[in-house]
Structure formats: structure tokens, C-alpha cells
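Visitor: Hey, could you walk me through this one? I'm new to reading structures.
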Amino acid sequence: MGTTEILRHAGDGGRAITILRNTFGGGGRGLSTYDDQFYSSSGGGMSFISIGEAKNESGILFAGVGAGSGAGTFFNRYTYGGFGGGVSGGDGSRCSGYYSNSRCGKGCSQTSSGTNYANSNNNGGKFYGGNCEAWGHHEASGGGSGYYGGAGGDYFSAGGGGSSFINDSFIKNGIIIPGNESMPSPYSFPERMIGNRGHGCVRITPIVINIEILTPKRSCYYPDTNLTLDLILFTHNFNDVYNISRTVNSSGLQDYELVQTHQDESQNYMFNDTFKVPSERGYYQISYFMFSESEPVYKIEDFILVNKVPEIYLIQEMKKYYKRGERITVELEGISLGNITFKCKCYDKIINSSSEMISNDSFVTGTIEIDLNNFPVSSQIHFDFYAVDEFGIESNIIQQYVLIVERNPLEISINQNISTYFNSNQKVIIQGQVNNDTEFKMYYSQDKKQFEQITSFKSNNEFSIDLGIRQPGIYNILLYCIDSNGYRSNIINHHYIVSANSCMRSNDADSNTFQACNHIRRRR
């Protein structure tokens, strides 16, 4: 980059300051007054790449840059330096009021330097920008450097921009974009920008045409569903026609399906591809092939997992209170397309697991044993129940909170010999027992309606609820207890079916009743 110096006036004639300096690749020097009449700037220094030694004979890329601009009260205006970077540099503009724009520095070409009509001492040169002559009342901005440099300004004016050059023996299909046209942003893909302020930069990238998948990959994809992927094709102005094809789980070119045909327009090309995911579980390789004259075959690959996220349920929620030292059994059921393992975590530590083999889209039950001997009294424990399939895909998480107490907690149980299936001419009677030796109150609700209190118990806290004769249908009853200290028992959610024909005679039952019977059998 060039320098900017301050000139102090010495009468109308002024005085010279120093000899002019021209350096390889440097921008032209700007010259400013000590007051606010004009503030100038130097021209930009070019970016330069060479092979072997850092000298002009070895150069393969010369990136021209813009000239200096200026501002001040002399003409109450800004002056604009010429753009750089193109095959030709731009002229300075909005220059001195005297001689119109003739005081501005001119841009250069790839074969000649920029000139200043008013002052030839400010002309540019090969590999450097023109300086502003160090003489009173000639305050101005310097020219931009490049393969050839732009001229510096004169008399409160701006300089011209430098030109660029690419050695096509080393750089094939290079693109020269001037600073006044749209170019790819070096800071944020895929944005574009007009020119580049501040420090220049040069990046050499091997010319490789490629495709990238932009869509973030999910942990798995459901079988027989549509999958849409967003992709981008990076091109390099080869004016080629690109045929893009896809295969799923095959490396043979004979199996590909054409996705896109694209005519290169020197812009990166974004598109999407929608296809149906295979019906079988497993890992699948997705491959995209690109065919063109410049790149006969280009291929990218990625893998997806076709699977179904497991789902689990608690058959019966845990009680709110447990006595320290108890060993409890938690029953779960799950749906998955293959093997799953039920797991239980307590504060991020796995405390137990149980494996089950299940068939496609079927319910399966499993149990997890939890020993409460290691948990202190009055501590509230947080358990997470979930399942993991053979591909490592985790199910939903069911959270349960329990409190460890000193004495036996309330617990309701339904007698195992109570039927889940009743005929429409048969009374529905629910029997069970409350495991507790203190005072308590018991409540029940039919079909999620208002709770009613049970006041009659047999010996050993046994109870019997007569629900009478009911119409055919699917019903449920909720039961829970509260003791004198406000502790609540577990909640029983018991399902039962009333049918004109018993579920045990399924050949005579209607299809809805038969499906409901099967559903409740699985839940048991």
C-alpha cells in the first residue's frame, strides 16, 4: 500500500516535499493538506502470487485494486477513486471543479498504465500505482496498483484503479471480476457483493466440480416415506451441461435415476431431490453422480438409516411413595421394528435394563427391577425409563418421581382372578386389596367422571366395587387412596370390556370388540 503525507502551504507557490517513491505492487501516494481543505488517501496495494521467487517474472496472478478517494471543504464534496480488479481499472470521478474530471487519475489496462491529463508526473506504471505529485495545491489521492497501475489524482482529485492479469498457462478458466461488479463474497457463502473494502485476500483452490448435501441428516427415516434432500452444485463457469443422477444402495451406474439437468451459468446451483425411502430397515447408501464433458463422472455418497423410533409406555405408573429397602418391579410395553432394550436411568446413571425380542409393529412387555436399598429416607428420586433399539435409536422418555419413606406406603392391587371381559347380562364387580395398616380413604372414578369414595371394606382392607350391569363397550375405572398424613397411593387404571358375546368366543364377536380384546390382552 502507498503512503499519505501532509503538506503545509508556504505561500501561493507552495513547496515540494520529497522525491516520489514507486515500489513494486504498491499503491500510489496520497497527499493531504494540514487543514481541512482536503483529506486524501493512498491507492491500494495489489495481491500477487508467484511460483518460486517473489518477483514479477514468476507471477501467475496479479490482482489489481482500487485507487484512493478523498474529501474536504475546498469543493465541499467527496471524490471517488476508480475501481480495480478488472481487465481494466476504473477512472477517478467527482474530481476538481477546475477542468472538470480531467484532474482525476485514469484507470489502466492490461497493456498500459493509467494517465493524468493535467499532470503526467502522476501517471501509473507497471506493477505500481501513480503517486500524487508533492507540490502545493496538488493535494490528491494515489492510484491503485495492479498488473498496470492507475494514475494518481491532481488538485483535490481522486486516482484511477489498477488492472488484473492471470497467467493462463498455470490458471485455467480463471475469472477476472472488476470491483464495480457482483462477485462471490469471501466472508459469507452463498452471498455476493460489489467490490471488497479493506484488506485484499487471495485463495487458490483446486478446480473441482462437486455436489454437497445441505439438508441436516436425521437419526433415522421411517420406511416407505418420502425424503427430500437440498443439494448444491458448485460450478466454475465451464459452460457445461451437467446431468445429475441418484442411486440408493447401489454402486452400479446402470441403476441410477436422473434427478436434474443443469446448464452452467457461472453461479452455484441449489436444487432439491425427493424420493421414497426403502421399506426394509437398515443402513442405505445414497449416491449422487454428475456427468459433464469437463468431468466425465463425479460421485458423492452418504448413508441414511431406515428405521422407526421406538415408543414405550408404562403399564402402571409407579407409586408416589416407597419404603426404603423395597425391591420394585416396573412393567413397560413398547413398539419397535426390531429388538429393543428397556432401560432405566437415575440422575443420568443407568441402573438396570431388560432386553426383549419383538416382531414388527407389535406390543411387547418387559420388566425392570429397581432396588431402593441405596436411597436415603425422605429423598425424592427421579427415574427415566426409555428403550434403545439395535441401531442405537432411543425411544421417548417416561419420567417418574418417587419419595422414599420410613414405613410401608399405601398400595392398591386388583385381584388377579378378576376378569377383564364381561357379558352384557353379567354384573361388573372389581375386587382388590389395600396394603396399609393405618387409616385411609379410597376413591374410584368410572370412565374419567367424578370420583366417589368407597366406605365399605372387608377384613385385611379388601374391597369390592359393584358397578352393576353395563351396556356393551370399553370402560375403565381409576382407583387411589390417601392416608391420614396426606400420602397418596399408586393409581390403578383398570380397563375392561362388556360385550354381548364374550371375548373368549372371538369367532362370534364383532371385529371392533375382537380388536379391543386383543388390545387389552397386550396391555396385561
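Visitor: Okay, which residue in E7 is the bridge partner of Phe62?
Guide: That's Phe165. Before we go on: this is a predicted model, where local features need pLDDT of at least 70 and side-chain atom pairs count only at pLDDT 80 or more, while totals for chains, interfaces and linings use all residues. Residues are numbered from 1 along each chain as its sequence is written, and side-chain values use heavy atoms, with hydrogens and water left out.

Visitor: Which aromatic cluster does Phe62 belong to?
Guide: Phe62 and Phe165 are in one aromatic cluster with Phe48, Phe127, Tyr147 and Tyr148.

Visitor: How many aromatic pairs are there in the whole structure?
Guide: A search finds 17. Rings of Phe, Tyr and Trp (its six-membered ring) pair if their centres lie within 6.5 Å; planes under 30 degrees apart are stacked, over 60 edge-to-face, and the rest tilted.

Visitor: Can you show me one? What about Tyr283 and Phe391?
Guide: Their ring centres are 5.5 Å apart and their planes are at 75°, so this pair is edge-to-face. Tyr283 lies in strand E15 (residues 282-291) and Phe391 in the loop between strand E23 (380-389) and strand E24 (398-405), so the pair ties together parts 108 residues apart in sequence.

Visitor: Is Phe391 buried, exposed or partly exposed?
Guide: Phe391 is partly exposed, with a relative accessible area of 25%. Buried means under 20%, exposed means over 50%, and partly exposed is in between (1.4 Å probe, protein chains only).

Visitor: What about Phe451 and Tyr480?
Guide: Those two form an edge-to-face pair, 5.2 Å centre to centre with 80° between the planes. Phe451 is partly exposed at 35%, whereas Tyr480 counts as buried at 13%.

Visitor: Which residue lies over the face of Tyr480?
Guide: Arg488 does, at 4.6 Å from the ring centre. There's also Arg470, whose charged end sits over the ring of Tyr475, 4.0 Å from its centre. To count, NZ of Lys or CZ of Arg must be within 6 Å of the ring centre and within 35 degrees of the ring normal.

Visitor: New topic: how many salt bridges does the structure hold?
Guide: Nine. A salt bridge is a side-chain nitrogen of Lys or Arg within 4 Å of a carboxyl oxygen of Asp or Glu. Among them is Lys299 with Glu301, at 2.8 Å from N to O.

Visitor: How far apart are the closest N and O atoms of Glu257 and Arg246?
Guide: They're 3.5 Å apart. Glu257 is partly exposed at 46%, but Arg246 is buried at 5%.

Visitor: Which residues are in a network with those two?
Guide: Asp273 is linked with Arg246 and Glu257 in a network of salt bridges.

Visitor: Last one: which residues touch the most other members in the largest nonpolar core?
Guide: Met318, Leu332, Phe342, Ile370, Leu372, Phe383 and Phe385, out of 23 residues. A nonpolar core is a set of buried Ala, Val, Leu, Ile, Met, Phe, Trp, Tyr and Cys residues joined through side-chain atoms within 4.5 Å. A second, separate core of 21 residues includes Ile430, Ile454, Ile477 and Val498.

Methods. Two strands pair if DSSP finds at least two bridges between them. Helices (H or I, at least four residues) and strands (E, at least two) are DSSP runs, numbered from the N terminus.
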